[in-house]
Each structure stands twice: as structure tokens, then as C-alpha cells.
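Hi,

Here's the structure I promised to pass on. Have a look at it first, and then read my notes below.

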Amino acid sequence: MAAIYQAVHRRASSLFCRLHSTYVRKMRYLNELKEDDSLCRQAQTSGTFYLFHNLFPFLQKVGNKYLVPQLSAAEMKTILEKFKETEQWIEKSVLIGCSDEHVPHFAVDLGALEKSVIESELKGAFTDLQKALFIVDEKDSSVLASAQSLLRWHDSHQYCSKSGQPTQKNVAGSKRVCHASGITYYPQTSPVVITLVSDGSRCLLSRQPSFPPGMFSALSGFCDVGENVEETVRREVAEEVGLEVESLRYSASQHWPFPSSCLMIACHALVRAQQTEISMNSQELEAARWFGLEEVVEGLKREPRSSKQDNGSYLPWFPPKQAIAHQLICEWVEQQTSPPA
Ligand SMILES: NC(=O)C1=CN([C@@H]2O[C@H](COP(=O)(O)OP(=O)(O)OC[C@H]3O[C@@H](n4cnc5c(N)ncnc54)[C@H](O)[C@@H]3O)[C@@H](O)[C@H]2O)C=CC1
Ligand SMILES: [Mg+2]
């Protein structure tokens, strides 16, 4: 028995080491590419490329699946020769990751070129990210989200905000430098808290005017400079629904590319069962109310399309599984339905 246990343990440890070292080697390689321009330039010749057009990712529909093709450098050259632009594009590409075998992945925005020519040549379509994220595989959606955020940042940081002079990107696109002021700019992401407030037996969900009809979500808000996560949660809940948070618990985080790169920090918060009267801030929200367990469970099952009623009103439905708000709502349901430890 002991021998079997030891053999299993040895196998598990060796597997762990192998996995771990693959991951570590991959991260070290990516870091080298970010730091070493000539190594990264060389890597571009053996890398693969994700295409964007004015920040819309390129997708191909195969059967009923949407795929995100990666083009080789040679395939890129063939396409771009049609525009006599073979050199320029590679300068604009940004590093977004690599395979376990160290094949680097880049993203490039071909917004300056005629969209329809690329689409008919490659048999696909540049698709709004708001739609693309929800129709591709989970793994692809996170690649597209971070690639778009990085491309967007480069597009909007072409000039130094101190000297007004053009900034230059490094080859990997992990920074931009202004040679006049000496300032180095790094890609930005804004921290945002998303909080599911509960009074112990109900949870609070709200609607912003920009949400699709019928969708309710957890409260969200950008962190102010100088705040920690706990302070942002307390302030946002007070500002948006007039309640005081008594305790809170971190759940998970997610990169979110809208409106531009955000780091969503998801928390559960409790308010006192005796102080649950909502005072909604109508400048930010269109509706905010308490939901019981049964209504939340029904809402999770509802499709946006089936939420419209004959009288024109909408039954509540919640963000799709790709959004961290969905995870918070599912966790709350689980917590309500599992017996206390
Ligand atoms: N992945 C998910 O599950 C969810 C993601 N979100 C994201 O969270 C973001 C923030 O949520 P809101 O409730 O709208 O925030 P919010 O309650 O802080 O209000 C937005 C307002 O904050 C101001 N603001 C402060 N810092 C800003 C910054 N760095 N960038 C843009 N505006 C800033 C602007 O005036 C803006 O109109 C949304 O843009 C949305 O995309 C929101 C809910 C669910
Ligand atoms: Mg908000």
C-alpha cells in the first residue's frame, strides 16, 4: 500500500514539476521578449498574429462555431502584399502571449487598410468585441479582451502628455517612451469593484440606463485615487443605493475590456438586516431592488430573448457567464442553498 502511495506521489510531484517549469519557462521567455527588442523582432518572424480592424477582432464562422484564426508571418505577408504595406504592419504589432512551445502570439490592428478586402481574402468578418466575447470559446475571449485593451492603449497614447512629442513603442508593445521628456509610459488598467450586496436572505441588483432591457447586475464603480478596495466598496454602495456595508469578502477578479481596460475586483458585501431601505441614486441607476432566492434562480435560467412579456415589459435576467457579475450571483445562490458549516 505504502509503495503504491509513494509511486502515485512521485508521479504527481514529477507532473507538478514539469507543469510548473513549463509555466515558469514561458513567463521568463515572455519577459525576455518584452525587455529585448532584437529578440522580439526575431520572434515576430516565427510568431502568429491575431488580426483587428479599428479594434474589432477578426472571426471566422465554421459550422456553428466562431473561431479566432492566428496567421503566420508568411500568411500575413501574402495578405499585406495586396496593399503594398508589408513592413509597416509588423512595427505596429504587440505581444500578447506565447504557446507552451514558445511560439509567440502578436496582435495587430489593420485599421488603415480596406476591411472588405481582408475579410473576403480570409473568409471571415471583423466583429464588434461586445459581440465577439460572447460567441467565441472562453480561452479565446480572454485573449481577445486583453489584445484589444493593449491595442487601444497604444492607439490613445501616441503622444507624450508632458512634451506633446510622439512616443515610440518598444517592439513587444509593453511600453512607450518619449525621448524628449524621458518619460516611459506603461499600459494602463483601471481598478473597478463589483459588489453583490446581501442582507442575509436577499441580494441587491440594479440596472444602469445603458444595460440591455431587463438585465440586472451587481453594483460597480471605479476606484478613486488613494482608496483601497474596501473603501471603494463602502463608498460605491453608499453612493449608488444609500446603504452602509457592514462586512465584505473578496471573491475573485477579472480583466474586462469595456469601456477600456478594467480590472474587475468582485466582492460580496453584507448590510444590516434592519437597515435595508434603498435610496437609489437616479443619476447613475435606473432601478435597484432586493431579489429573493427564488427570483434569482429563475433569472439565472432566463435568456435575454425570452425575457420580454406580452405587455412590453421585461422579466429580469442577469449577465452571461463571461462576466464576473454572473459568478458573484451564482456564488450567492450556492451560499443560500448550502447548509451552514
Ligand atoms: N464584468 C462585469 O461583470 C461587469 C463589468 N462592469 C464594468 O465596470 C465598469 C465601471 O462600472 P460603473 O458602474 O459604470 O462605474 P461608476 O459607478 O464608477 O460610474 C461610472 C462613472 O465614473 C466616472 N469614472 C471614474 N473613473 C473612471 C475611469 N477610470 N474610467 C471611466 N469612467 C470613470 C465616469 O464619470 C463614469 O461615467 C463599467 O464600465 C462596466 O464595463 C460593470 C458591471 C459588471
Ligand atoms: Mg456604478
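In which sense do strand S5 (residues 94-98) and S6 pair, and over how many bridges? They pair in the antiparallel sense, over four bridges. Before you go on, keep in mind that this is a predicted model.

One of the spots where you can see that pairing is Leu95, whose bridge partner in S6 is Phe106. S5 and S6 make a hairpin with five residues between the strands. Look out for His102 in that hairpin, as it takes a positive phi near 65°.

S6 also pairs with strand S1 (residues 48-53), but here the strands run parallel, with five bridges joining them.

Is strand S6 (residues 104-109) mostly covered or mostly open? It's mostly covered: six of its six residues are buried. Pro104, Phe106 and Val108 point one way from the strand, while His105, Ala107 and Asp109 point the other way, and all are buried.

Next, zoom out to the domains. The chain is divided into domain 1 (22-173) and domain 2 (190-337). Taken over C-alpha atoms, their centres are separated by 33 Å. The contact between them takes 10 residues from domain 1 and six residues from domain 2. On the domain 1 side, helix H7 (residues 138-155) gives the largest share, with seven residues. That side divides into five nonpolar residues, four polar and one charged.

Strand S9 (residues 176-177) is joined to S10 by two bridges, and Val177 stands opposite Thr184 in S10.

Last, the ligand. How many residues surround ligand 1? There are 18, and the closest are Ser220, Gly221, Phe222, Ala323 and Ala325. The elements that give two or more residues to this shell are strands S11 (190-198), S13 (219-222), S14 (245-256) and S15 (262-271), plus helix H10 (324-337). By type, the shell splits into 12 nonpolar residues, five polar and one charged.

How values were computed. Residues are numbered from 1 along each chain as its sequence is written. Chains are lettered from A and ligands numbered from 1 in the order in which they are written. This is a predicted model: local features need pLDDT of at least 70, side-chain atom pairs count only at pLDDT 80 or more; totals for chains, interfaces and linings use all residues. A residue is near a molecule or strand if its C-beta atom, placed from the backbone, lies within 6 Å of it. Ala, Val, Leu, Ile, Met, Phe, Trp, Tyr, Cys and Pro count as nonpolar, Asp, Glu, Lys and Arg as charged, and the others, Gly among them, as polar. Two strands pair if DSSP finds at least two bridges between them. Domain bounds come from an automatic or database domain assignment. Two residues are in contact if their C-beta atoms, placed from the backbone, lie within 7 Å. A residue is buried if 20 or more other C-beta atoms lie within 10 Å of its own, exposed if 12 or fewer, and partly exposed in between; C-beta atoms are placed from the backbone.
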